[in-house]
Amino acid sequence: MKAVGYQKPQAISQPESLIDITLPDPVATGRDLLVEVRAVSVNPVDTKVRASGAPAEGQTHKVLGWDASGIVKAVGPEVTLFKPGDRVWYAGSIARPGTNSELHLVDERIVGHAPKSLDFAQAAALPLTAITAWEMLFDRLGIAPGKHPSHKTLLIIGASGGVGSILTQLATRLTSLTVIGTASRPETQAWVKELGAHHVIDHSQPIADELKRIGFPTVDHIVSLTQTDLHFAQIVEAIAPQGKFGLIDDPASLDITKLKRKSVSVHWELMFTRALFGTDDMIGQHRLLNEVAALVDAGLIRTTLAERFGSINADNLKRAHALIESGKARGKVVLENWG
């Protein structure tokens, strides 16, 4: 089968940072699905692993990619949730080879039935960010879904990126929160507003001052999706007493004792945790993805696909990685079919 991988971690500008390769076809066993991959999207985790992660012992190449949509080709003997021919979407496991391959093995418990209303590229834009946003909003922060009256507020720092684009939609469509998104450029600010944010502020300015400018001296919940270390002093100032703070990035250091005075709780989200540790509630991601698919088909949630980068090959994936690393991506970058 065709695949895209690398032999050693390198900067994306290097010729062999990603290369086209041929690998043996995998075989489904246990609860695994063998999926014909039709589309993939690129996330910051792809670029971070490519820059630092070597192939596993005994492997000549490392294959990246987590978001995927495709068709089930075969199933392992213990599979009960899917059958060959099903259209699926998922975000995979960081502990296994990635989706930048024509055929891919994935545990059925972290796979959902793809939305009927989306093509493969539109569907591939959503799984990783939808799982991350859903788990952050409902599992980590404990926000109650529903439109019961509430004066609670949510600030999303970095709302125009992949996770921010879906988190903005979930929070505005499914909860009673007043949602404030941050973006620093006119085009990304317009994108966040289009996705449903009630207010948009500029995180290149002091965030606490920006919030006060629009009438919010503090906010109840803050989710930081990027550059948390740079924004942390402003987060400490802006969050309300007994608020909740969530993050997904990897600051080199973070002095959370500064949140003690306000009794703020801290919540880290990594959507790979369930698959990585085989948690008892691992099947929750299957159910979550099916629920998001239903919301998409009902017109409540839209795909966050922003750019189609052509067929799945090393050259196009290099371009996608470079864009993600530039910090200028809006929504999701997707590649589809093999060429």
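Modeller: Let us begin with one such pair. Glu194 forms a salt bridge with Arg302, with their closest N and O atoms 2.8 Å apart; the term requires a side-chain nitrogen of Lys or Arg within 4 Å of a carboxyl oxygen of Asp or Glu. Because Glu194 belongs to helix α5 (residues 186-194) and Arg302 to the loop between α9 (284-297) and β15 (305-308), the pair ties together parts 108 residues apart in sequence. Helices (H or I, at least four residues) and strands (E, at least two) are DSSP runs, numbered from the N terminus.

Colleague: On what kind of model does this reading rest?

Modeller: This is a predicted model, in which local features need pLDDT of at least 70 and side-chain atom pairs count only at pLDDT 80 or more, while totals for chains, interfaces and linings use all residues. Residues are numbered from 1 along each chain as its sequence is written, and side-chain values use heavy atoms, leaving out hydrogens and water.

Colleague: Why is Arg302 classed as partly exposed?

Modeller: Buried means under 20% relative accessible area, exposed over 50%, and partly exposed in between (1.4 Å probe, protein chains only). Arg302 is partly exposed because its relative accessible area is 32%.

Colleague: How many salt bridges does a search of the whole structure find?

Modeller: Side chains of opposite charge can pair when their charged atoms come close. The search finds 19 salt bridges. One of them joins Arg274 to Glu135, with closest N and O atoms 2.8 Å apart. This pair links distant parts of the chain, Arg274 being in helix α8 (residues 273-277) and Glu135 in helix α3, 139 residues apart. Both Arg274 and Glu135 are buried. A network of salt bridges links Glu135, Arg140, Glu269, Arg274 and Asp281.

Colleague: Where do Glu210 and Arg213 lie?

Modeller: Both lie in helix α6 (residues 207-213), three residues apart, about one turn of the helix. Glu210 is buried, at 11% relative accessible area, whereas Arg213 counts as exposed at 54%.

Colleague: Is Ile131 buried or exposed?

Modeller: Ile131 is buried, with a relative accessible area of 0%. Ile131 sits in helix α3 (residues 127-140). Contact means heavy atoms within 4.5 Å; leaving aside residues up to four places away in sequence, Ile131 touches Ala91, Glu269, Met271, Gln285, Leu288 and Leu289. Ile131 and Ala91 are 40 residues apart in sequence, yet their C-alpha atoms are 8.2 Å apart in space.
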